[in-house]
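Hi,

Here is the structure I promised to pass along.

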Amino acid sequence: MRVYPRGTVVYKREKAYNGINLISTAKDGALITKMDGTELKRYSVNPMPAKMLPNKNIMSISSFRSSDFGVSDGIDLLEFDKDGKVVFDFNKFKFTEDRGYRPKWMARAHSDFQREGNSVGYYYPEQKIVKDGKTLLLVHDAIVDTRISDKALLDDVILEVDEDGNIIWKFSFSEHFDQLGFSEEAKNVIYRNPNLRITERPLGNYLDITSISTIGENKWYDQGDPRFHPDNILFTARAANIIGIIDKKRSRICYKLGPNFSDFTKVDPVVGSAFASIVPKGLPGEGNLLIFDNGGRCGYGSPTLTSPSGLLPFVRNYSRILEINPVTLAVNWSVDPRDFGFSIPMNGYKFYSPYGGNLQRLPNGNTLITLATEGLVIEVTPSKEIVWQWTCPYRTTTENLLKNNMIYRVYRYPYDYLGIDEEENEIQEIEDASYFKLPGAGDFKSVEITNVNRSRLSIDIDPLSQESESVRDLVENKKVIKRNESVVKYIAANHFDETIRENKMAILIYGAERCSHCEPLMEVMEVLLEEEFKDVSCFYMDLDKNKSFAEKHEIFQLPRVSFYKDGEKVYEFMGEKSYDEIAGLIEEYLLELN
């Protein structure tokens, strides 16, 4: 059994976007906490998900239909104030008569919804409070459509309802099946098995729509691209492996990535995305498409060893976060397990949420990432430093999930949404989690090494990584190992501040692989420091891998070499210099011998 700390385990207040967190737990309701983990409110709803609206009310699902008859079918979609008083409810989509239950109206709401005035459900400066605003929600309908399958289907439907709960717009995905782009091979698989879910009457969840949001005001529409009309609707279909946009006025799909891997021509194929949204206007990266590339299993196609029938044959056992230009598909920012020190595929599962999760771009440029199946939320900076982390302490009570602390989504809102002060407790950080131990447990690396004749410890790549890493990763890791055995050490942007602070005299070389002058410069620096200046520390940062740092500090010409003394920059130069020239500069600016 593995033991982990729970609640808030990382909190760097000066780097985080501070506020309150609305956490959609699996079995413990909608929970609101401060950054330090202090619990402020808990509501007895079934949050799939819960969101705070611009008017500071909360919207969520009341309760679920029995799983004997439905798949995550929410009975009522409710809006309520902070004291729990309901001010809006919707349930009149389907009248159900389930065996053993009283007949009733149900919304059959699931997975996502949005209120007019806010395109994504989380806070951004340009959101609006719309009086009597309309509500967009995702619902289920049980149908039979022999064009798609001879089995009963769980059709995904988007509704728009007014303030009185009247349905004023409807989009049924089954009616637009031919616009989804399935190959004939995929259609054959869906016809035979449309991803059947076990209920009293099995239902084919062939799309599994998991997120919807309006596009909102954006630069692409302002530049004349009608696909990005603010009222159009972005959706993700996890099982079908599709990210698409619905032209709301014409009720047709006008933009699509997937379901075929060939559709991802300019970006590595996405596998089973459960969440995507356009970054709202007024936030860093506005207009970009944020994708939670969950991994797991998805799609329909050719038989494989893991999928002899061709059902869900696409498999990847780790998650990625992508921020792309939705027009050119250029990747502007990404996160994967390697950014946190986990090799792929050997340790990729340590950053992995095959079901559920969400992303939120914060006003300070950070990104909130919810790894739903891990019960884990992290806030990362553009340079991928984790500045806040919360791990869910609550377990589900479902018999086969006793050790599961899954959450659905987490959203961050300003303190004034709940009318509380900004005071937070100080969190005692673990200095080095790699060697964290309980009081009384034995110390690590506490004995001297006994040398064995003709033997020495390897500093090369380890054999398991050699088996599992890609060629590109192997080459990169060998470079890092080689560099870290020299006097010039690799660093990333998220370690810049502490590196400069902890080294009395430091030299930082900014370069990139494309820089033809960088390697000769570092070779000169290695020899110089080893021979003459052993008390001076030297570091190398690859700016192609730390682009946001380069932009922030306006470093465009390479190589650039900066000298730091007692945490302050005292000198810098660009380009190459000779051994004697650099020696003279070290003596003048770091040793102050002149």
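To start with a question: is the link of Cys-515 and Cys-518 right-handed or left-handed? With 95° about the S-S bond, the link is right-handed.

Before the rest, some housekeeping. This is a predicted model, where local features need pLDDT of at least 70 and side-chain atom pairs count only at pLDDT 80 or more, while totals for chains, interfaces and linings use all residues. Residues are numbered from 1 along each chain as its sequence is written, and side-chain values use heavy atoms, with hydrogens and water left out.

Now the cysteines. Searching the whole structure turns up 1 disulfide (a pair of cysteine sulfur atoms within 2.5 Å). The partners are Cys-515 and Cys-518, with an S to S distance of 2.2 Å. Cys-515 is buried at 11% relative accessibility, and Cys-518 is buried too, at 2%. For the cut-offs, buried means under 20% relative accessible area, exposed over 50%, and partly exposed in between, using a 1.4 Å probe and protein chains only.

Cys-538 is buried, at 1% relative accessibility. Cys-298 is also buried, at 0%.

Last, the domains, whose bounds come from an automatic or database domain assignment. The protein chain splits into domain 1 (17-418) and domain 2 (483-591). Their C-alpha centres are 44 Å apart.

Cheers
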